[in-house]
Amino acid sequence: MDTLNLEAQVREDKGKGFVKKLRREGFLPGVLYGLDVETLPVTVNVRDLSRILRSAGENALIRLEVNGKEHITLVRELQRHPVRGDLIHVDFFQISLKEKLETVVPLRIVGESPGVRNEGGILQQMLREIDVRCLPTEIPEYIEVDISNLGFGENIVVGDLEGFGDIELLADPDTALAAVVAPHEEEEEEVEEIDEEDEGAAEEGEEEEGEGEEEEAE
């Protein structure tokens with residue numbers, strides 16, 4: 001994995017008004033912390049960071065330059081506005097390129113299932129990301145789940161994935177990733193999920209009734 005460069009400045013003022021001003025000017029407040037570094041509030045250009053995330057994903061290795069000093073980092077957390085979806089805060093975690101770490105990698109379905117194409121089944125994806133342990137330079141942008149041989153009534157589990165070298169998959173080998181099921185099974189599961197979400201929303205509404213809106217995260 002290539003290391004991508006990003007400039008940052010130390011953020012001296014931490015007040016809410018100053019942070020809002022930064023965002024209006026196209027800068028994103030954040031924090032740098034991690035291995036052998038004191039926690040440091042920083043700002044980065046939001047367009048530059050967004051460009052990195054689009055090209056290399058959220059597991060991109062970022063060489064963060066702060067006041068002339070370089071820090072090898074990963075984005076540990078991104079906060080977005082709950083309505084607009086804009087980036088509002090970022091955490092950079094300094095790492096060592098020689099030490100393995102644990103992170104989350106997206107799963108990507110590839111191929112066409114004969115169980116869907118020829119037998120009328122519906123593809124159901126149970127897991128969309130997976131925990132891995134590896135060196136920072138070996139973190140994949142995504143892991144492919146090939147369904148080219150997946151027939152009707154069959155599934156793919158973590159143990160079926162192969163060819164990852166020194167990358168350790170931390171999920172249970174028997175954990176299902178994808179399956180081809182009958183259409184009515186898929187519909188029933190969707191209905192159950194919607195019912196559970198409605199119940200959860202109703203409970204949250206009762207608990208939060210009368211409370212004011214939370215302040216935007218700094």
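Analyst: Contact here means heavy atoms within 4.5 Å of each other. This is a predicted model, in which local features need pLDDT of at least 70 and side-chain atom pairs count only at pLDDT 80 or more, while totals for chains, interfaces and linings use all residues. Residues are numbered from 1 along each chain as its sequence is written, and side-chain values use heavy atoms, with hydrogens and water left out.

The part I pick is strand 9, residues 129-134. First, some setting. The chain has 4 helices and 13 strands. Helices (H or I, at least four residues) and strands (E, at least two) are DSSP runs, numbered from the N terminus. Of the 218 residues, 35% are buried. Buried means under 20% relative accessible area, exposed means over 50%, and partly exposed lies in between (1.4 Å probe, protein chains only). Among contacts with a separation of 6 or more, 67% join residues 24 or more positions apart.

Next, its partners. Two strands count as paired if DSSP finds at least two bridges between them. Strands of a sheet pair through backbone hydrogen bonds, either parallel or antiparallel. Strand 9 pairs with strand 7 (residues 101-110) in the antiparallel sense, over 6 bridges. Strand 9 also pairs with strand 12 (residues 168-169), again antiparallel, over 2 bridges. V132 has a bridge partner in strand 12, namely L169. Facing V132 from the other pairing is T103.

These strands belong to an open sheet of 4 strands, in the order 10-7-9-12, with mixed pairing. Strand 10 and strand 12 are at the edges with a single partner strand each, so one side of each has no neighbour in the sheet.

The covered face leads to the core. A nonpolar core is a set of buried Ala, Val, Leu, Ile, Met, Phe, Trp, Tyr and Cys residues joined through side-chain atoms within 4.5 Å. The largest one has 22 residues. I130 and V132 are among those with the most contacts inside this core, along with I143, L169 and L177. Strand 5 (69-80), strand 7, strand 9, strand 10 (143-146) and strand 13 (176-181) each supply at least two of its residues. Domain 1 (4-95) and domain 2 (103-181) both contribute residues, so this core lies between them. The domain bounds come from an automatic or database domain assignment.

Leaving aside neighbours within four places in sequence, L177 is in contact with L107, Q124, Q125, M126, L127, V145, I156, V157, V158 and L161. A second, separate core has 19 residues, including V44, I52, L53 and V90.

A salt bridge is a side-chain nitrogen of Lys or Arg within 4 Å of a carboxyl oxygen of Asp or Glu. The structure holds 7 of them. In one, the side chains of E102 and R133 meet at 2.6 Å, N to O. This pair links distant parts of the chain, with E102 in strand 7 and R133 in strand 9, 31 residues apart. E102 also stands opposite R133 in the strand pairing. Both ends are partly exposed: E102 has a relative accessible area of 46%, and R133 has 27%. Through shared partners, salt bridges join E102, R133 and E168 into one network.

K21 and E25 meet at 2.7 Å, N to O. K21 is partly exposed at 38%, and E25 is partly exposed at 46%. R84 and D86 meet at 2.8 Å, N to O. R84 is exposed at 54%, whereas D86 is partly exposed at 37%.

Last, confidence. pLDDT is the predictor's confidence in each residue, from 0 to 100. The chain has a mean pLDDT of 86, and 83% of its residues reach 70 or more. Where pLDDT is low, the predicted coordinates should not be read in detail.
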